[in-house]
Amino acid sequence: MIVELISIPAIILILGALVLPLLPERVRSAAFITFPLIALGILWNLPDGDLLQVSFASYELQLLSVDGLSRIFGIIFSLITIIGGIYAFHIKDIGQQSSALAYAGGALGVTFAGDYFTLFIFWELMAAASSYLIWARRTNESDKAGMRYLLVHILGGGLLFTGILLHLNAGGSLYLEQLMPDYTLANIFILLGVALNTAVPPLHAWLADAYPKATITGAVFMCALTTKSAVYVMIRLFPGWEVLIWVGVIMAIYGTIYALLANDIREILAYSIISQIGYMVTAIGIGSELALNGATAHAFNHIIYKSLLFMAAGAVIYSTGKSKLSELGGLSKKMPLVLGLYLVGALSISGAPFLNGFISKTMISGAMGDAHLEWPILLLLIATIGTFIHSGLKLPYFTWFRERTEDLELKAIPVNMKVAMGVGAFFCILFGVAPQLLYTQLPYPTDFQPFSVYNFVEMTQILVLAFVAFWFLKDHLNTSSTISSDTDWFYRKPATIVEKIFVTFPNNLFGKAEQVVYAIAGGVSSVSKNPLKILLPSFVAEGREVKSDGFSASIGAALSFILFGFIVALLVILL
Amino acid sequence: MKNWHWIILGLLLIVSLVLEFTYLADYDSHWWNSVPAFYALWGGLGAIVLIFGSKILGKIFILSNEDYYDR
């Protein structure tokens, strides 16, 4: 049994997280990369089917269910853990390293879970392990953001688990199968739980709140794993739920508007995740084979270019110590390599031809065209324009090109960070020029051809004109030191009032009560020392103070004897 | 932006327009395919709407000072 467990990719990473602290510090970073490499090797060779069952109570849990969909998500999660491991090679913080491995283990566990219970356990592991990647920044801000992140995910886990229990109670299958689009309470709870991790507004605010405050290396793992594992579950459970078509469109536009307004570079990228996931959610809502292939391919590509963007933004923060556009600028001559690699990711996310975003965005719009969803196509194009403006133009322009009067002091960027970005950029280009490498791995067979004249014309015209508009209107974009109010307002703003009512007030009340009790206890004990002082106060007679308790020893003994007599008499009467 | 940057962008746009009016002249899968240079118009107008739209929304209720939650 133990040997069989090791064939589960997730268990290898979790084992790695446990073994890592026992290894000497100098080999930990290399060991970190080894575990996802082994996991990748194993899952690459796994046959399709339900490969490992475990009995739990009266249930038969499926720990390792493999098919085309889970395999491709498993591949990209392992690959990004390796790239993230290279990026974080210089990190000596065992807490971060272990939690990142456990977190990736959770994502792989979700991917290969065949039943709801296994899914839920790995789902919660992801939430707990990833919280540490925020706290590891060790700032006051990240402490609070990490706690908010964890609480929101506990709510999400609760929603999911409620849904699972209702689903089982109503006679639903324990195994992960496509749910029919019926709005039963169970389905709604499961959908809400999954939607929270997919960052569907209004359940999305945790993402833009937490990711910009996570550690530089931690954010790379976070941007790749949580939302995309939820997209995987959504593809598995909710394909063809038509409500998702419009939910996705709203997500795409919503994320774009907030990204256009954001000032922190990683906040721009975080909102852009929400926007990009909108494409995937819309495709899941369509539910055709081409659409689900498109959602899968877009998740795959998104993980690569988004982590590249987060890595480049992280390099800027590492080097300058600053993360806000209002404080950055003038770096193009000082960081040409980071700029170049960033631009590869930026053009990929914008859907420029011959980069990987193009080959999956066109697939989704092809599926939308087949389904005659004309307005969603046009609205997603608006999101594409916005993506190009905020990630492809605003962020690089104000970070690298805008002139700055005073020079920023730069710290040298470790080579491993550059190598990891290089690997990311390589994959952006590789899948962009050779889409078949990805298409053959997709869950459904496809003969989709992204390189059509129509797609070229469409993307070229859109990107060129969006660029022109940006160039002349760029001063209208917000780069002031502001923050954006989002739906986290609803739990952050009342938090001070709630804290006053439930924490500060009871705390003060108990504090006062404690003081009063102490004062009473102090009084009683001082009185108890010598009650005669009160019963027989001292008095002054004939100009001389007579102390009431100042009896001679013989009188004292006589009084004690009388008192003793009283007590004995009392006891005799009572007994 | 140097001049040659604009020239490259101009050339890309011209090539795409030429392709649209020659190779794709009979292409018709969406209602907007009959609008000439639709994607260029959509790209430009979309960008303008997004930039000003987000600016207005930011002013109305989204943007606030950095110490908003600490007050």
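This is a predicted model: local features need pLDDT of at least 70, side-chain atom pairs count only at pLDDT 80 or more; totals for chains, interfaces and linings use all residues.
Chain A and chain B together bury about 4400 Å², and carbon and sulfur atoms account for 74% of that area.

**Interface between chains A and B**

- The contact between the two chains involves 46 residues of chain A and 43 residues of chain B.
- On the chain A side, the residues that lose the most area to chain B are A:Tyr454, A:Gln461 and A:Ile483, which together make up 17% of what that side buries.

**Domains of chain A**

- Chain A is divided into domain 1, covering 1-238, domain 2, covering 242-484, and domain 3, covering 493-574.
- Between domain 1 of chain A and domain 3 of chain A, the C-alpha centres are 62 Å apart.

**Packing of helices H5 and H10 in chain A**

- Helix H5 (residues 94-112) of chain A packs against helix H10 (residues 218-237) of chain A at an angle of about 15°, and their axes are 9 Å apart.
- Because angles under 35 degrees count as roughly parallel, H5(A) and H10(A) are described as roughly parallel to each other.
- The crossing in which H5(A) passes H10(A) is left-handed.
- H5(A) contributes A:Gln96, A:Ala100, A:Tyr103, A:Ala104, A:Ala107, A:Val110 and A:Thr111 to this contact, while H10(A) contributes A:Gly218, A:Phe221, A:Met222, A:Leu225, A:Thr226, A:Ser229, A:Tyr232 and A:Val233.
- Sorted by class, the residues in the contact of H5(A) with H10(A) are ten nonpolar and five polar, with no charged residues.

Note on methods. Residues are numbered from 1 along each chain as its sequence is written. Chains are lettered from A and ligands numbered from 1 in the order in which they are written. Side-chain values use heavy atoms; hydrogens and water are left out. Axes are lines fitted to C-alpha atoms, for helices over the stretch in contact, and angles run from 0 to 180 degrees between N-to-C directions. Helices (H or I, at least four residues) and strands (E, at least two) are DSSP runs, numbered from the N terminus. Angles under 35 degrees count as roughly parallel, over 145 as roughly antiparallel, 65 to 115 as roughly perpendicular and the rest as oblique. A crossing is left-handed if the near helix is turned anticlockwise from the far one by less than a right angle, and right-handed if clockwise. Contact means heavy atoms within 4.5 Å. Ala, Val, Leu, Ile, Met, Phe, Trp, Tyr, Cys and Pro count as nonpolar, Asp, Glu, Lys and Arg as charged, and the others, Gly among them, as polar. Domain bounds come from an automatic or database domain assignment. Buried area is the accessible area (1.4 Å probe) that two parts lose on being put together, summed over both.
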